[in-house]
Amino acid sequence: MKTIITSSIATLAMFFLPFLWNGAGTSCQTTITIGTGTTFNSSTTYPAPYGNWYWGARHQALVRAAELTASGATAGNITSLAFNVATPNGVALLNFTIKIKTTATTVLSAFDATGFTTVWGPQNYSETSGWNTHAFSAPFYWDGTSNLLIETCFNNSSYTNNAQMYYTATSYNSVVFVNQDASGVCSSTATTSTAV
């Protein structure tokens, strides 16, 4: 899994994603990829951050610090995040937003509602085949020891299908999500399911 990023700093990749990274004391950009990404969801199954089988979908994905460091990440700024799409749906996801925070949590069972920094959006977004890179509005600093929690959300007023997105299953609950045919999905604290 490789992605080409043009930036003056850096990106990371995990569950469905890569990050562009600028480690402490460095000025070069590094792409960090978490997982192998050999599996993908169907056009009607979740998790699927670009999933429009329901009007809206909110996901939180946990990336443990050990996974980051094993992939070569060091403390520093994350400047973008990318999702690898096998088969796009191509319908605009309204007010698509990415938020991130550090956390001590090691397993997900419910949504975390506090302490996030919005790093991308909200803006309408239509995914394409291959790596879809979201350059952050401002770098997010990773301390080198905390786990990361990444949230994505959008809310349309109709449904089509999910984009099929590559991912790597984990040995623990690493994703929590809600999908609903309703407005207000991005502020919902209800949990539809968890996933590994």
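Select Tyr-50, Phe-83, Phe-96, Trp-120 and Tyr-125: ring pairs join these residues into a cluster. The model is a predicted one. Across the whole structure, a search finds 10 aromatic pairs.

Next, select Trp-53 and Tyr-159. Their rings make an edge-to-face pair, 6.1 Å centre to centre and 75° between the planes. Trp-53 sits in the loop between strand 4 and strand 5, and Tyr-159 in the loop between strand 10 and strand 11, so the pair ties together parts 106 residues apart in sequence. Are these two residues buried or partly exposed? Trp-53 is partly exposed at 33% relative accessibility, and Tyr-159 is partly exposed at 48%.

Return to Phe-96 and show its surroundings. Leaving aside neighbours within four places in sequence, Phe-96 is in contact with Pro-49, Tyr-50, Trp-120, Gly-121, Pro-122, Gln-123, Tyr-125, His-134, Thr-152, Cys-153 and Phe-154.

In soluble globular proteins, nonpolar side chains tend to be buried together. The largest nonpolar core here has 33 residues, and the members that touch the most others are Tyr-50, Phe-96, Ile-98 and Leu-148. At least two residues of this core come from each of strand 5, helix 1 (65–70), strand 6 (76–87), strand 7, strand 8, strand 9 (130–142), strand 10 and strand 12. Another core lies apart from it and has 10 residues, among them Leu-62, Leu-108, Tyr-172 and Val-178.

Colour the chain by secondary structure for the overall layout. The protein chain contains one helix and 13 strands. Read from the N terminus, the order of elements is β-β-β-β-β-α-β-β-β-β-β-β-β-β. Of the contacts with a separation of 6 or more, 78% are between residues 24 or more positions apart. Buried residues account for 49% of the 196 residues. The accessible surface is about 8000 Å², and carbon and sulfur atoms hold 51% of that surface.

Strand 11 (residues 164–167) is the next selection. Strand 11 pairs with strand 4 (residues 39–40) in the antiparallel sense over two bridges. On this side, Thr-39 stands opposite Tyr-167 of strand 11. Strand 6 also pairs with strand 11 in the antiparallel sense, over two bridges. Here Val-85 has Met-165 in strand 11 as its bridge partner.

Turn to the charged side chains. Side chains of opposite charge can pair when their charged atoms come close. How many salt bridges are there? The count comes to two.

For one of them, select Glu-151 and Arg-58, whose side chains meet in a salt bridge at 3.0 Å, N to O. Glu-151 belongs to strand 10 (residues 147–155) and Arg-58 to strand 5 (residues 56–63), so the pair ties together parts 93 residues apart in sequence. Both Glu-151 and Arg-58 are buried.

Then select Asp-112 and Lys-101, which form a salt bridge with the closest N and O atoms 2.8 Å apart. Asp-112 lies in the loop between strand 7 (93–103) and strand 8 (117–125), and Lys-101 in strand 7, so this pair ties together parts that are 11 residues apart in sequence. Asp-112 is buried with a relative accessible area of 18%, and Lys-101 is buried with 10%.

The last stop is Asn-179, in strand 12 (residues 175–180). Which residues does Asn-179 touch, not counting residues up to four places away in sequence? The contacts are Tyr-46, Tyr-54, Gly-56, Ala-57 and Thr-192. Asn-179 counts as buried because its relative accessibility is 9%, and the cut-off for buried is under 20%.

Technical notes: Residues are numbered from 1 along each chain as its sequence is written. This is a predicted model: local features need pLDDT of at least 70, side-chain atom pairs count only at pLDDT 80 or more; totals for chains, interfaces and linings use all residues. Side-chain values use heavy atoms; hydrogens and water are left out. Helices (H or I, at least four residues) and strands (E, at least two) are DSSP runs, numbered from the N terminus. Buried means under 20% relative accessible area, exposed over 50%, partly exposed in between (1.4 Å probe, protein chains only). Contact means heavy atoms within 4.5 Å. A salt bridge is a side-chain nitrogen of Lys or Arg within 4 Å of a carboxyl oxygen of Asp or Glu. Accessible areas come from the Shrake-Rupley method with a 1.4 Å probe; for residues, only the protein chains shown count as cover. A nonpolar core is a set of buried Ala, Val, Leu, Ile, Met, Phe, Trp, Tyr and Cys residues joined through side-chain atoms within 4.5 Å. Two strands pair if DSSP finds at least two bridges between them. Rings of Phe, Tyr and Trp (its six-membered ring) pair if their centres lie within 6.5 Å; planes under 30 degrees apart count as stacked, over 60 as edge-to-face and the rest as tilted.
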